[in-house]
Amino acid sequence: MADDKEHAFWYNMRTGEVEHGLQSASLDRVGPFATRDEAAHALEKLRANSAKWSEDDAQDAR
């Protein structure tokens, strides 16, 4: 992730747009991402993380 949050890329969950810098309310955005391309694929990353966490939780429950 980018260290400089003001100049990083963010994915706006409300609009579906990639933003450069802190343009929208924190409630609407996810990130930060180092590149515009990473931010554009934010939903894929979120889905993959969610699936992994669900799998980990299922393993822990056994």
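This note goes through the fold, the overall dimensions and a few residues of the structure above.

1. **Basis.** This is a predicted model, in which local features need pLDDT of at least 70, side-chain atom pairs count only at pLDDT 80 or more, and totals for chains, interfaces and linings use all residues. Residues are numbered from 1 along each chain as its sequence is written, and side-chain values use heavy atoms, with hydrogens and water left out.

2. **Fold.** The protein chain has three strands and two helices. Their order from the N terminus is β-β-β-α-α. Helices (H or I, at least four residues) and strands (E, at least two) are DSSP runs, numbered from the N terminus.

3. **Dimensions.** The radius of gyration of the protein chain is 14 Å, whereas a compact globule of 62 residues would have one near 11 Å. That radius is taken over C-alpha atoms, and the globule rule is 2.2 Å times the number of residues to the power 0.38. Along the principal axes, the C-alpha atoms fill a box of roughly 45 × 25 × 20 Å.

4. Of the 62 residues, 24% count as buried. Buried means under 20% relative accessible area, exposed over 50%, and partly exposed in between (1.4 Å probe, protein chains only). Take the contacts (heavy atoms within 4.5 Å) with a separation of 6 or more: residues 24 or more positions apart account for 28% of them.

5. **Serine 24.** Where is serine 24 found? It is in the loop between strand 2 (18–20) and strand 3 (29–33). Serine 24 counts as buried because its relative accessible area is 16%. Its side chain makes a polar contact with the side chain of asparagine 12, at 3.2 Å. A polar contact is a pair of N or O atoms within 3.5 Å; within protein, one must be able to donate a hydrogen and the other to accept it, and residues adjacent in sequence count only if both atoms are side-chain atoms. Leaving out residues up to four places away in sequence, serine 24 touches Asn12, Glu19 and Arg29.

6. **A cis peptide bond.** Check the bond from glycine 31 to proline 32: it is cis, with omega near 10°. Proline 32 is found in strand 3. Most peptide bonds are trans.

7. **Glutamate 6.** This residue is in the segment before strand 1 (9–12). Is glutamate 6 buried or exposed? Its relative accessible area is 55%, so glutamate 6 counts as exposed. Glutamate 6 still touches Gly21 and Leu22, not counting residues up to four places away in sequence. The C-alpha atoms of glutamate 6 and serine 26 are separated by 12 Å, with the two residues 20 apart along the chain.
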